2 protein chains.
Amino acid sequence: MAGEMVVRILPVIMSGGSGTRLWPLSTDRRPKQFHALGGECAMIVETAMRVRGRHGNLDFLDPVIIAGERHAELVSSQLADAGIVPAATVLEPVARNTAATAAVAALVAAELDPEALVLLLPADHVVADPAAFIGAIALAAPVASGHIVTFGIAPTGPETGYGYIHQGGTLAPGVHRVAAFKEKPDLSVARRYIEEGGYSWNSGVFMFRPDVMIEEMETGSADILAGAREALRTASRTDAEIRLGRKAFHAVRAEPVDIAVMEKTSRAAVVPCSIGWADIGSWAELWRFSPKDQAGNAVSGPVTILDGENNLVRSDGVHVSIAGVSDLIVVATADGILILPRDRAQDVKKLIP
Amino acid sequence: MAGEMVVRILPVIMSGGSGTRLWPLSTDRRPKQFHALGGECAMIVETAMRVRGRHGNLDFLDPVIIAGERHAELVSSQLADAGIVPAATVLEPVARNTAATAAVAALVAAELDPEALVLLLPADHVVADPAAFIGAIALAAPVASGHIVTFGIAPTGPETGYGYIHQGGTLAPGVHRVAAFKEKPDLSVARRYIEEGGYSWNSGVFMFRPDVMIEEMETGSADILAGAREALRTASRTDAEIRLGRKAFHAVRAEPVDIAVMEKTSRAAVVPCSIGWADIGSWAELWRFSPKDQAGNAVSGPVTILDGENNLVRSDGVHVSIAGVSDLIVVATADGILILPRDRAQDVKKLIP
């Protein structure tokens with residue numbers, strides 16, 4: 001359809017998380033997106049590097065970053081070190097969940113380049129197959145001028161930690177209507193989804209033309225859109241930095257974009273894809289996704305392991321020496337030292353001092 | 001016997017160990033005697049505080065410290081902080097085992113106060129009942145002008161990690177001749193010792209008048225005594241600090257005083273005693289001797305434990321958070337982080353980076 005026509009894509013990277021499930025690496029001061037987890041660079045840098053340059057008729061523009069105000073310096077220094085120059089950095093004075101961020105993304109994109117397609121993506125996801133991701137974006141592009149396209153990850157098992165997307169009829173090659181969004185299921189339901197087929201994991205990545213998102217929010221979540229507009233109207237702007245109006249943004253209703261928009265709109269689409277995606281939400285998950293030695297140990301930093309299997313061991317600096325323990329998570333940073341069995345990774349929050 | 005007569009006792013504290021079995025706390029740069037293990041203060045300070053002042057007719061003099069040259073500053077700063085002023089600090093340029101140190105102790109004591117009784121004691125032992133120790137010293141005193149008195153610890157079990165002393169006939173109230181020194185036994189032999197009775201652990205603490213030790217060394221280990229004399233003759237002395245002659249002390253034969261002197265002399269005596277003594281040679285032993293919470297955890301420093309039992313957890317600074325592990329040793333210092341099961345404490349040496 002698009003033929004030789006160049007499609008401009010504006011990546012908008014959401015650096016909103018403050019995940020403490022990866023303490024002591026991830027802290028409120030420096031959440032996981034500012035650490036290297038799945039790759040060589042910090043996740044936010046890997047995210048930006050994944051969607052840049054020209055691929056076929058896709059032209060990725062300099063990204064917009066939406067981040068917490070307190071992480072402004074981290075964002076600018078980490079991106080600068082990687083040679084990435086954001087088109088704009090939007091700073092939120094407080095976290096107000098993803099609907100508010102999506103509204104800000106659409107409004108800022110409409111200012112910058114109303115014809116470009118917004119690719120709204122979290123800063124803290126792993127994509128092991130970036131070429132496949134670009135391929136999925138190419139499939140989504142022809143549809144994204146009239147739909148909000150989600151990326152549905154082909155399940156590798158009956159995961160209970162993700163939401164699911166049930167796909168409907170075909171909209172375009174490789175793109176389906178969304179029949180339904182499903183909340184995180186229990187194990188038996190997840191198994192049924194896998195058996196039935198036509199279900200994929202909701203990756204939380206969205207692609208849309210700004211006016212489509214704005215129209216859908218005007219219908220379903222007008223208050224959030226109005227709040228975001230007011231926060232932008234009262235923002236302080238210097239160079240490419242936009243500090244959202246504090247009072248206005250505080251007042252915005254906090255809701256996930258999935259609930260505020262996606263479950264209400266009739267214009268939701270999904271591109272089922274296999275891109276090596278993961279939202280690493282726990283140390284146990286990181287162990288699963290990490291390369292391991294012959295004994296199954298995933299190691300990072302100065303570490304000695306004697307007679308131990310299937311451990312995740314990370315150190316930021318001090319040498320860690322381990323003998324005779326298996327299936328353990330050991331993480332040592334200047335902020336703390338965590339030790340617990342892999343199958344108790346969900347207890348991290350109880351252990352933060 | 002001694003009636004009202006005051007007995008002067010010169011403590012000579014041997015700070016020779018460089019135990020790495022307690023890595024990462026104990027390091028060559030700062031061995032265990034310079035850390036608090038059994039008490040509130042560093043072990044060398046606790047050792048000095050245990051034997052000072054006046055107790056009945058025992059008058060403890062300011063101590064002599066014999067330490068490794070590289071620990072000179074640690075010795076002076078730790079003792080100064082505790083208000084202890086050594087009569088002399090002797091610095092060994094290299095470790096030459098305890099016979100050389102005992103020879104130096106006797107020769108220096110003969111200079112300082114030839115009539116005082118030397119109490120030669122390692123800097124890194126725990127004595128949980130210091131009053132009982134003073135009592136044992138009081139029993140030893142009347143005999144120590146003519147014998148080399150050892151302190152035999154009443155066994156609390158068939159330990160295989162200590163040498164044993166087999167006691168002979170009575171010399172004085174509470175003091176026996178030594179029938180034999182026994183090397184570290186295997187478990188069945190240790191059990192036999194306990195059943196038979198009359199055996200005690202060799203604590204490595206000795207009491208003697210300088211001339212007695214010098215005479216016994218002249219007979220049995222004349223070369224070591226001569227080497228120590230030469231090291232003192234060629235020492236550089238400033239105030240109360242004696243730096244042994246480097247060349248001379250290097251040349252001294254390295255042998256334990258037990259072999260060089262005690263097993264040869266006919267003037268060995270033993271005071272069997274129960275003083276809460278321990279030579280903490282491993283993290284597993286430290287756990288055994290440490291106060292514990294209701295779950296059996298021995299904790300030191302900023303530590304959170306959730307659902308874990310019988311662990312030893314120490315941190316010098318960084319907060320350690322642990323869940324769901326038991327019978328583990330966890331030690332975190334700026335030099336390293338050690339994690340291993342209590343029953344593998346002997347593997348520490350393999351884990352030092």
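**View 1. Strands β9(B) and β10(B) pair in the antiparallel sense.** Strand β9 covers residues 164–172 of chain B, and strand β10 covers residues 175–182 of chain B. They share 6 bridges. Two strands pair if DSSP finds at least two bridges between them. Strands are DSSP runs of E, at least two residues long, numbered from the N terminus. B:T170 has B:H176 in β10(B) as its bridge partner. The model is predicted: local features need pLDDT of at least 70, side-chain atom pairs count only at pLDDT 80 or more, and totals for chains, interfaces and linings use all residues. Residues are numbered from 1 along each chain as its sequence is written, while chains are lettered from A and ligands numbered from 1 in the order in which they are written.

**View 2. β9(B) and β10(B) form a hairpin.** The hairpin has 2 residues between its strands. In the turn, B:G174 has a positive phi of about 80 degrees.

**View 3. β10(B) also pairs with β14(B).** Strand β14 covers residues 268–273 of chain B. The pairing is antiparallel, over 2 bridges. Here B:H176 stands opposite B:V270 in β14(B).

**View 4. An open sheet has strands from chains A and B.** Its 6 strands run in the order β17(A)-β19(A)-β21(B)-β20(B)-β18(B)-β16(B), with mixed pairing. The edge strands, β17 (303–306) of chain A and β16 (298–300) of chain B, each pair on one side only. β16(B) pairs with β18 (residues 312–315) of chain B in the parallel sense, over 3 bridges. B:S300 stands opposite B:R314 in β18(B).

Definitions and conventions. Helix = DSSP H or I, 4+ residues; strand = E, 2+ residues; numbered from the N terminus.
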